[in-house]
Amino acid sequence: MNITVAGIQWGDEGKGKIVDWLCGRFDVVVRFQGGNNAGHTLVAGDETYKLSNIPSGILHRGKLNVIGGGTVLDPVSLRKEVRALRDRGVAVSPENLAIADNVPLLLSVHRELDRLRETAAGKGKIGTTLRGIGPAYEDKIGRRAIRLCDLSDPEGIPVRVDTLLRHHNALRRGMGAPLIGDAAICDEILQVADWILPFAQPVWKLLHNRQEKGERILFEGAQGALLDIDHGTYPFVTSSSTLPGGIATGAGVGPDRAGHVLGVCKAYTTRVGAGPFPTELFDTAGQRIASRGAEKGTVTGRNRRCGWFDAALVRQICTISGVDSLALTKIDVLDGMDEIKICVGYRLGSRRLDHMPPSTTDQQRLEPIWESVPGWQEATEGVREIGGLPAGALNYIRRLQDITGVPIDILSTSARREDIVLINQDWKLR
């Protein structure tokens with residue numbers, strides 16, 4: 001059976017570790033959306049790896065890693081990542097990394113437009129990673145993107161670049177930025193063409209053939225469901241579908257191929273950048289969580305905003321995403337707290353809501369309805385058996401299950417690969 005690992009908060013849930021831990025059971029690992037704005041941190045022994053383009057299965061020998069056409073690919077960023085991995089002894093080649101031949105390329109013009117817009121927005125900025133993700137997806141939808149397959153036709157590149165820059169230079173002119181010449185972008189593309197083209201494959205066909213052979217596929221979500229372009233906290237979202245439903249188009253497989261959907265969430269909540277955050281903490285508890293959890297963005301290095309677990313929002317996203325079970329991470333960050341709060345719903349004026357409404361104005365006015373549970377003083381860090389967990393931690397886990405209505409099958413007790421508690425022992429057999 002295939003499996004989909006999806007973040008169900010605002011990203012940074014620890015998906016990379018869960019995917020890394022699961023990889024031994026699967027043959028293929030697929031990224032199907034997003035780009036190098038999503039960072040996954042993997043800890044293997046004493047080594048820490050930070051990935052932003054390549055699927056987390058790259059650390060496992062014999063696994064095929066696939067970047068689907070639903071992503072946007074920065075070839076310069078990818079080449080740096082590949083070189084860094086090779087320098088550390090990790091093999092990366094067309095033998096274990098395949099890139100969809102129809103993937104849109106993210107270029108310097110996209111990064112520059114991202115920065116220009118955020119600067120111009122001032123206090124109204126969204127808080128993007130400034131990697132150019134949004135502008136790259138805009139060009140894809142606008143049918144002017146330059147795709148990986150286009151690099152095999154160097155004579156046609158100037159025409160495509162001209163089409164692209166007619167749009168971008170009009171925007172730049174309106175913002176008072178200098179115009180870009182066609183030659184600069186053509187050179188940028190041609191400099192990476194020979195290096196990246198050997199990785200190009202018809203990914204839809206590759207995945208179909210692997211499935212026909214009985215191989216198992218792990219779909220690795222990037223970012224989190226609350227950043228989804230349709231169901232997230234719009235407009236403070238990314239520009240792709242981060243839900244499991246994005247697999248079909250993003251990887252080129254049937255919607256029935258997602259398999260078991262494993263949602264990943266932290267034992268508390270974090271968010272990077274601007275946007276509504278009903279359970280955000282501004283007190284010593286929030287500072288303690290941020291410090292113990294080392295809450296800085298993998299890609300941007302920005303401080304993450306921290307808050308209590310929003311069970312109402314997790315329940316909502318699990319319903320939308322079709323989550324079958326949960327993996328709860330960073331439980332150890334809550335060690336030593338006397339009291340832990342859980343958001344079970346919201347008040348909006350005189351109304352009580354069991355879900356987050358879509359209006360940004362309403363989202364900013366939400367007041368959490370809290371439920372308090374006792375904390376625990378014993379350590380959960382490094383625990384690998386359910387019998388080693390403190391009673392308070394077990395009670396907290398059970399309460400989260402009751403409120404969200406979804407079983408918690410897996411518990412992560414540190415950043416290290418091996419520190420996993422299987423609450424549902426069936427995972428030993430998968």
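User: What should I know about the model before we start?
Analyst: This is a predicted model, in which local features need pLDDT of at least 70 and side-chain atom pairs count only at pLDDT 80 or more, while totals for chains, interfaces and linings use all residues. Residues are numbered from 1 along each chain as its sequence is written, and side-chain values use heavy atoms, with hydrogens and water left out.

User: How many aromatic pairs does a search of the whole structure find?
Analyst: The search finds three. Rings of Phe, Tyr and Trp (its six-membered ring) pair if their centres lie within 6.5 Å; planes under 30 degrees apart count as stacked, over 60 as edge-to-face and the rest as tilted. One of the pairs is Trp10 with Phe277, whose centres are 5.3 Å apart with planes at 55°, so this pair is tilted.

User: Where do Trp10 and Phe277 lie in the chain?
Analyst: Trp10 is in the loop between strand S1 (3-7) and helix H1 (15-22), and Phe277 is in the loop between strand S10 (269-271) and helix H9 (284-292), 267 residues apart. Helices (H or I, at least four residues) and strands (E, at least two) are DSSP runs, numbered from the N terminus.

User: Are Trp10 and Phe277 buried or exposed?
Analyst: Both Trp10 and Phe277 are buried. Buried means under 20% relative accessible area, exposed over 50%, and partly exposed in between (1.4 Å probe, protein chains only).

User: Which charged end sits over the ring of Tyr49?
Analyst: That of Arg88, 4.1 Å from the ring centre. The criterion is NZ of Lys or CZ of Arg within 6 Å of the ring centre and within 35 degrees of the ring normal. The charged end of Arg79 sits over the ring of Trp195, 5.9 Å from its centre.

User: Changing topic, how many salt bridges are there?
Analyst: The count comes to 23 salt bridges, each being a side-chain nitrogen of Lys or Arg within 4 Å of a carboxyl oxygen of Asp or Glu.

User: Where do Arg166 and Asp162 lie?
Analyst: Both lie in helix H5 (residues 157-174), four residues apart, about one turn of the helix. Arg166 is exposed at 54% relative accessibility, and Asp162 is partly exposed at 31%.

User: Which residues are linked in a network of salt bridges?
Analyst: Asp12, Lys266, Glu295, Arg304 and Lys330 are linked in such a network.
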